[in-house]
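Colleague: I would like to learn how to read a model of this kind, feature by feature. Please start with the overall make-up.

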Amino acid sequence: MAINTLEYAAVFMEELDQQLVENSTTGWMEDNAGQIQYNGGAEVKIPKMQMSGLGKYDRDGGFAKGAVTVTYETREMTQDRGRTFQLDAMDVDETNFAAMAGNVMGEFQRTKVIPEIDAYRYSKIAELAEKGGKLTEYTPEKGGILEKLAEDITAVRDQAGDCAELVVAMNAKLAGKLDLEKGGENILQSGVFRQGSAELKVREIDGCPIIRVPSARFRTKYTFFDGVTESEKDGGFAPVEGAREINWIVCLKRAPVAVSKTDVTRIFDPMTNQNANAWKIDYRKYHDLWIMDNGMEGILVSVQPKAASESGEQTA
């Protein structure tokens with residue numbers, strides 16, 4: 001029986017989107033996209049709510065009239081990325097196509113797509129934080145990381161409120177040093193952090209989960225290669241020269257809104273593929289991140305000074 005390529009494409013799209021949310025270090029940011037309207041393509045509509053404040057109650061006239069207005073702001077996902085792959089018909093047939101293609105796309109997502117999306121999101125938050133005066137410099141010192149991190153958490157809580165749910169995204173190398181600091185065993189606790197349908201075991205500081213981020217994804221600015229130019233044909237991304245290493249991001253959990261859509265996954269069998277006797281898989285991903293109105297009050301980004309940050313090697 002002929003393979004149903006449309007059915008396989010639909011399954012791959014659903015599984016890849018779920019994999020992204022559960023396995024990326026920024027998957028929790030997509031939990032904030034529940035009210036966003038998406039009807040395909042690169043545009044999303046973000047709800048904005050305005051309402052009246054309290055007024056004086058009058059014993060004769062009753063309540064002061066108020067109003068609630070909900071409007072939708074159209075935003076465009078600026079990151080439009082994609083690749084096409086071919087699996088030779090001599091290596092793949094209808095009986096093993098699903099398993100082989102699933103392995104290929106799963107590995108591609110895990111090693112290429114997820115690191116790039118994480119890097120973009122963190123660098124975007126750092127960019128917005130710098131514009132909003134929410135970026136600070138700190139050179140990690142042995143024995144002083146715990147105290148400085150606690151100070152930053154307190155600073156964010158002073159703006160967002162003591163009951164606000166915060167998340168700490170932290171450079172994995174720095175998080176390892178934090179574990180060894182004297183006094184950390186009395187403050188750092190084990191906890192569970194829910195991301196999509198996955199439950200992650202994490203360390204917590206003062207009730208804030210610490211998400212460990214590979215340092216290659218934790219710079220202030222990246223170049224995202226086009227995959228076509230000779231010098232960029234391998235695709236992927238790399239930090240730009242002079243990009244600073246991020247120590248941590250203390251963030252109100254509801255502040256960043258991340259959206260990613262596997263907009264098209266097309267599959268062509270060898271008889272349909274006009275370029276080669278091979279299965280052809282086209283993959284396209286739209287994604288972006290925004291900070292909601294007043295959300296910057298709940299964000300603080302700590303970076304290393306320029307002299308302390310070294311430009312990294314290409315990461316794909």
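Modeller: The secondary structure of the protein comes to five helices and 15 strands; helices (H or I, at least four residues) and strands (E, at least two) are DSSP runs, numbered from the N terminus. This is a predicted model, in which local features need pLDDT of at least 70 and side-chain atom pairs count only at pLDDT 80 or more, while totals for chains, interfaces and linings use all residues. Residues are numbered from 1 along each chain as its sequence is written, and side-chain values use heavy atoms, with hydrogens and water left out.

Colleague: What percentage of the 316 residues count as buried?

Modeller: Buried means under 20% relative accessible area, exposed over 50%, and partly exposed in between (1.4 Å probe, protein chains only). Here 46% of the 316 residues count as buried. As for contacts (heavy atoms within 4.5 Å), of those between residues at least 6 apart in sequence, 77% join residues at least 24 apart.

Colleague: Which residues have the most contacts inside the largest nonpolar core?

Modeller: In soluble globular proteins, nonpolar side chains tend to be buried together. A nonpolar core is a set of buried Ala, Val, Leu, Ile, Met, Phe, Trp, Tyr and Cys residues joined through side-chain atoms within 4.5 Å. The largest one has 46 residues, and Leu149, Val168, Met170, Trp248, Ile249 and Val301 have the most contacts inside it. Strand 12 (residues 246-252) gives the most to this core, with six residues. Apart from it lies another core, of twelve residues, including Phe108 and Trp279.

Colleague: Where is Val301 found, and what does Val301 touch?

Modeller: Val301 is found in strand 15 (residues 299-303) and counts as buried because its relative accessibility is 0%. Leaving out residues up to four places away in sequence, Val301 touches Ile125, Ala126, Ala129, Lys134, Leu135, Thr136, Ile246, Trp248 and Ile249. Val301 and Leu135 are 166 residues apart in sequence but 4.8 Å apart in space, C-alpha to C-alpha.

Colleague: What volume does the largest pocket have, and which residues lie nearest its centre?

Modeller: On a 1 Å grid over the protein atoms alone, a pocket is an open set of points where a 1.4 Å probe fits, with protein on both sides within 12 Å along at least five of seven lines; lining residues have an atom within 4 Å of a point. Grid points are joined across faces, edges and corners, and a volume is the space filled by probe spheres set on the points. The largest pocket has a volume of about 670 Å³. Of its 25 lining residues, Pro47, Lys48, Met49, Met292 and Asp293 lie nearest its centre. Strand 2 (43-51), strand 3 (68-76) and helix 3 (145-160) each supply at least two residues of this lining.

Colleague: How many disulfides does a search of the whole structure find?

Modeller: A disulfide is a pair of cysteine sulfur atoms within 2.5 Å, and the search finds zero. Cys163 is exposed, with a relative accessible area of 80%, whereas Cys251 is buried, at 2%.

Colleague: What is the phi of Asp206, and where does Asp206 lie?

Modeller: Most residues other than glycine have a negative phi. Phi of Asp206 is near 55°, a positive value in a residue other than glycine. Asp206 lies in the loop between strand 8 (198-205) and strand 9 (208-213), and is exposed, with a relative accessible area of 51%.
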